[in-house]
Amino acid sequence: MSDAAPLAPQAETAAPRLARLPYSFARRHGLALSETDAGQKLHLSANGARHMISEIARNWPKITAIETLTPSAFETLLSELYAQRGFDSSAEADGTQQIDGDLNSAVQSIEQAADLLDSADDAPIIRLLNSLLSEAVRAGASDIHLEPFENKLVARLRVDGILTEIASLSAKLAPYLVSRVKVMARLDIAETRLPQDGRLSLTLGDKNYDVRVSSLPIRYGERVVMRLLDKDKMQFNLGDLGMDDVSQQMFQKALSEPNGIILVTGPTGSGKTTTLYAALGILNETTRNIITVEDPIEYALQGVSQTQVNSKIGMSFAIGLRSILRQDPDIVMVGEIRDRETAEIAVQASLTGHVVLSTVHTNSAAAAVTRLIDMGIEPYLLMSSLKLVLAQRLVRRLCSDCKTTDAQGEPVPVGCPSCQQNGYRGRVGIYELLAVDETIRTLLANGASEQEMEAHGFSKARKLADNGFRLVEAGETTRAEIMRVARLPEDA
């Protein structure tokens, strides 16, 4: 992959840090600089501009080694180095993209709304937005929140499900920053009274990010949330999602049925869509016609026809599902069952030979059954159509670099640079599966309660919290994290 040509003895003792070399120059010439405690290293792509080495050496005399990389390895390195800063390829890596007082002062000096398509006018705003995007990527955040208040603009990141404030800026910045985001997402910057949704794409080296943008008018301006989707990190394998062997077997058995409804339930942000995508990956064969209706389409799936809900033109889940059934599908995925009409069509589709995958917002697997009944679905129809309900949550994983155990041998978080001092890095799923067997069908026919269904359904299978404590025993997360996510009382 690489051949290092040392210019002087060195011993690298730390991960490389970005040296002061413009991204545009590095990308164009195939040259990049990094810094370690041992000094600076010049990285050269195999097809890079070797004639520039001497010029760089004159400007950076502290270079102690040169490393030649394949083009693909160089692109990967470039992404890693420049992930520490923004997406503005023309800016210098000299701290100008950090959120600091100078940047605030520059933007506060703007007396009236500038033309945000003029880079000369909006350069400070671009640098601020780039720094926010950069920090979000570096921290592995899923969402960026921009919240205007009377006297300040608050920027927060959601990392591993937890919101953390990273900046409190002048309220004067809010309209400029929001307008810039709306321009990038191709939203109407003149419309400030109605919510808007859009999306944009960002490229950093060889990494691509899809960003979903949502704006909402509030008392002091417009609140913006940007959801970052890293295609490279999307996992569609059940084992990678944290599902144990027994649960996987139960889930795959339900997927192998020729028809029926399989539901995934949990709160927003619990990974339901990822689980459904993993299920489609198992079912995705050229002999099957798979169609989805989603809100929104998060990732493109090869071999799957995907359509999106659009309330502006009356395209609802119910209308989309009804149309899908005219397309001769074998497998249908409905992003969410929200109302009686959608539920009724889903049940009828399952009874006429289709596999239907969908989600419902409930707190437990058994609650999803009663939720469908509350929507107006007759119990005798559920007895014939419902095959399995899976409830899930996402819990934070302990950072592998710094986790330790307390005096009782319980895993506890510590905090280190790798996890931004949080003690946690990444998330893993915990699950409970309620299989609809003959006993559950009898209970449904007799109008049984959730507690009665749970008593039978989990007499042999593990409930949500039990599966979570399995991860605690394995040292993957903490007892406090399971109790927080599963909403257990402190004395549980």
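Predicted model: local features only at pLDDT ≥ 70, side-chain atom pairs only at ≥ 80, totals over all residues.

Q: What makes the phi of Asp328 worth a look?
A: Phi of Asp328 is near 55 degrees, a positive value in a residue other than glycine. Gln420 also has a phi near 55 degrees, and its place is in the loop between β19 (411-412) and β20 (424-435).

Q: Why is Gln420 called partly exposed?
A: Its relative accessibility is 29%. Buried would need under 20% and exposed over 50%, so Gln420 falls in between.

Q: How do you know that the buried residues of α7 are on the same side?
A: The buried residues of helix α7 (residues 245-255) are Ser247, Gln248, Phe251, Ala254 and Leu255. They cover an arc of only 130 degrees around the axis, which puts them on the same side of α7. In general, an α-helix has 3.6 residues a turn, so residues three or four places apart point the same way.

Q: What do the buried residues of α7 pack against, and which exposed residues does the face turned away carry?
A: Their packing partners include β12 (260-265), α8 (272-283) and α15 (464-473). The face turned away from the buried side carries Asp245, Val246, Gln249 and Lys253.

Q: What makes Asp244 a cap for α7?
A: A side-chain oxygen of Asp244 lies 3.2 Å from the backbone nitrogen of Val246. The cut-off for a polar contact is 3.5 Å, so this pair is within it. The end that Asp244 caps is the N-terminal one.

Q: How do you know that the side chains of Glu341 and Arg322 make a polar contact?
A: The distance is 3.0 Å, and the cut-off is 3.5 Å, so the pair qualifies. Glu341 is in helix α10 (residues 340-351). With a relative accessibility of 39%, Glu341 counts as partly exposed.

Q: What kind of peptide bond joins Asp295 and Pro296?
A: A cis peptide bond joins them, with omega about -10 degrees. Pro296 has its place in the loop between β13 (290-294) and β14 (305-308).

Conventions:
Residues numbered from 1 in each chain as written. Heavy atoms only, no water. Helix = DSSP H or I, 4+ residues; strand = E, 2+ residues; numbered from the N terminus. Buried < 20%, exposed > 50% of the residue type's maximum accessible area, 1.4 Å probe, protein only. Arc of directions from axis to C-beta. Contact = heavy atoms within 4.5 Å. Polar contact = N/O pair within 3.5 Å; in protein donor to acceptor, adjacent residues only side chain to side chain.
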